[in-house]
Amino acid sequence: MNDNTCGQRTEKERLEWLATAQKYPLELKEVLSLQRIRQAMRHFDGKMYVAYSGGLDSTVLLHLIRREYPDVVAVFADTGQEFESIYSQVRATDNVTWLEPRMSFDEIVKKYGIPMISKKLCRMIQDVKNPTARNAKTVNLRLTGMTQKGEYQPRWKIPNKWMKLLDAPFRVTNKCCGILKIDPTKPYQKRTGEVPFVGVMAEESENRRSSYARGGGCNAFNQSRGASSRPIMFWTEQDILQYVIKYQIPYADIYGEIVLKDGLLAKTGEQRTGCKYCLFGAHMKKGENQFQALARIEPESYKKAIEEYGYAEALDYCGIPWRPVNLGVMGCVECADTETKILISPHKCGCNQMESK
Ligand code: SF4
């Protein structure tokens, strides 16, 4: 069964609906999302949980679902490398099940290497560095881009720029997400028979958008990678921030205050959170990358990555900046900018209550 509450049948129809729905006001989006949530709950006889990361999107999703299903459990897959602010948020949330990975990030770095550049590139490097009798054609594809049929497919070849990773004095890995995020949830799903609600949005990436179109919309119950419900797929970041203000939801203070600036809502702190030691995508960042940001947010973690994980050498080798960026003196946005209006902020005493402005 797929999401057909709006009658879309084809990928094209779903993308058209998505583009229209993304412009709907928040009130209408809440109604549509709650329809999808009820539909999923009915389909799975209430055997559902919320995949909860402690980040803003899943915090909003959890609040939305608990308005109708207050007992739904939030499941937090602890990667062991979340920011302290995220751990505080999760600890302050009711009815959370914590899942632990079978291997720590420390062990992953030592055994498999560093997650950097991209999961796809790490996978391709692994293929070439571990030749076997059975993967000779794959190795050739990674090195030359030539398929078995003699066609040139550059997207399956290691880009020339990154061929140097084959001779790097450190290893890179694509196994990290599987071990830290995916593996711990499988036994949970098997044990409970529960299916996740996931707080992803199509606007976040082209992958998500095409997964929405190809995967059957929000409620894709027959997916090969497992059933899930993604009831806020058609929301935008503006909706998330508006929802936080509307319902005065406590959120992790790493995001800073939510302000109105030039007619749009914005966060004054970190824009996205995730694993603090993840280097995926750092080479694409303009300005401060996530590892440079780590120096500012958690200096001890930054130091550990350099001293114990060899991050500085690896980033240097790849030509990616790692020294902290001097961002100047950060001041109160209200004092610094008269066009900015603070709408909500995490409580400074750390009690996780909100201050309304
Ligand atoms: S996001 Fe990065 S660091 Fe976190 S589990 Fe996935 S690969 Fe590992």
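A residue is called buried here if 20 or more other C-beta atoms lie within 10 Å of its own, exposed if 12 or fewer do, and partly exposed in between, with the C-beta atoms placed from the backbone. Helices (H or I, at least four residues) and strands (E, at least two) are DSSP runs that are numbered from the N terminus. In helix α12, which covers residues 290-297, the buried residues are Gln290, Phe291, Gln292, Ala293 and Leu294. The cover over the buried residues of α12 includes β10 (279-280), α13 (299-309) and α14 (311-317).

This is a predicted model, in which local features need a pLDDT of at least 70 and side-chain atom pairs count only at pLDDT 80 or more, while totals for chains, interfaces and linings use all residues. Residues are numbered from 1 along each chain as its sequence is written.

## Confidence and overall form

The pLDDT, the predictor's confidence in each residue on a scale from 0 to 100, averages 90 over the protein chain, and 90% of the residues score at least 70. Over residues 1-5 the pLDDT is below 50, and this stretch has 17 contacts in the model beyond near neighbours in sequence. Over residues 348-357 the pLDDT is also below 50, and there the model has 18 contacts beyond near neighbours in sequence. Two residues are in contact if their C-beta atoms, placed from the backbone, lie within 7 Å.

The protein chain holds 15 helices and twelve strands, and its C-alpha atoms fill a box of roughly 55 × 55 × 40 Å along the principal axes. The radius of gyration is taken over C-alpha atoms, and the globule rule is 2.2 Å times the number of residues to the power 0.38. For 357 residues a compact globule would have a radius of gyration near 21 Å, and the 22 Å of the protein chain agrees with this. Buried residues make up 32% of the 357 residues. Of the contacts with a separation of 6 or more, 68% are between residues 24 or more positions apart.

The domain assignment, whose bounds come from an automatic or database source, gives domain 1 (11-102 + 176-247) and domain 2 (116-167). The centres of domain 1 and domain 2, taken over C-alpha atoms, are separated by 34 Å.

## Nonpolar cores

A nonpolar core is a set of buried Ala, Val, Leu, Ile, Met, Phe, Trp, Tyr and Cys residues joined through C-beta atoms within 7 Å. The largest such core has 43 residues, of which Val50, Leu61, Val75, Met233 and Val244 touch the most other members. Two or more residues come from each of α2 (26-43), β1 (48-51), α3 (56-68), β2 (73-77), α4 (84-91), α10 (206-214), α11 (237-247) and β8, and the largest share, six residues, comes from α3. Leaving aside neighbours within four places in sequence, valine 50 is in contact with Ser58, Leu61, Leu62, Ile65, Val72, Ala74, Val75 and Phe197. Apart from this core lies another, of 30 residues, among them Met116, Met124, Ile179 and Ala282.

## A hairpin and individual residues

Strand β8 (residues 258-261) runs antiparallel to strand β9 (residues 264-267), to which four bridges join it; two strands pair if DSSP finds at least two bridges between them. Lysine 261 has leucine 264 in β9 as its bridge partner. The two strands form a hairpin with two residues between them, and aspartate 262 in the turn has a positive phi of about 50°.

Most residues other than glycine have a negative phi.

| Residue | C-beta neighbours within 10 Å | Class |
|---|---|---|
| Asparagine 95 | 14 | partly exposed |
| Tyrosine 112 | 18 | partly exposed |
| Isoleucine 117 | 22 | buried |

Tyrosine 112 sits in the loop between α5 (105-111) and β4 (116-117), where, not counting residues up to four places away in sequence, it touches Arg171, Thr173 and Lys175. Tyrosine 112 and asparagine 135 are 23 residues apart in sequence and 19 Å apart in space, C-alpha to C-alpha. Phenylalanine 221 lies in the loop between β6 (219-220) and β7 (228-229); from phenylalanine 44 it is 177 residues away in sequence and 9.4 Å away in space, C-alpha to C-alpha.
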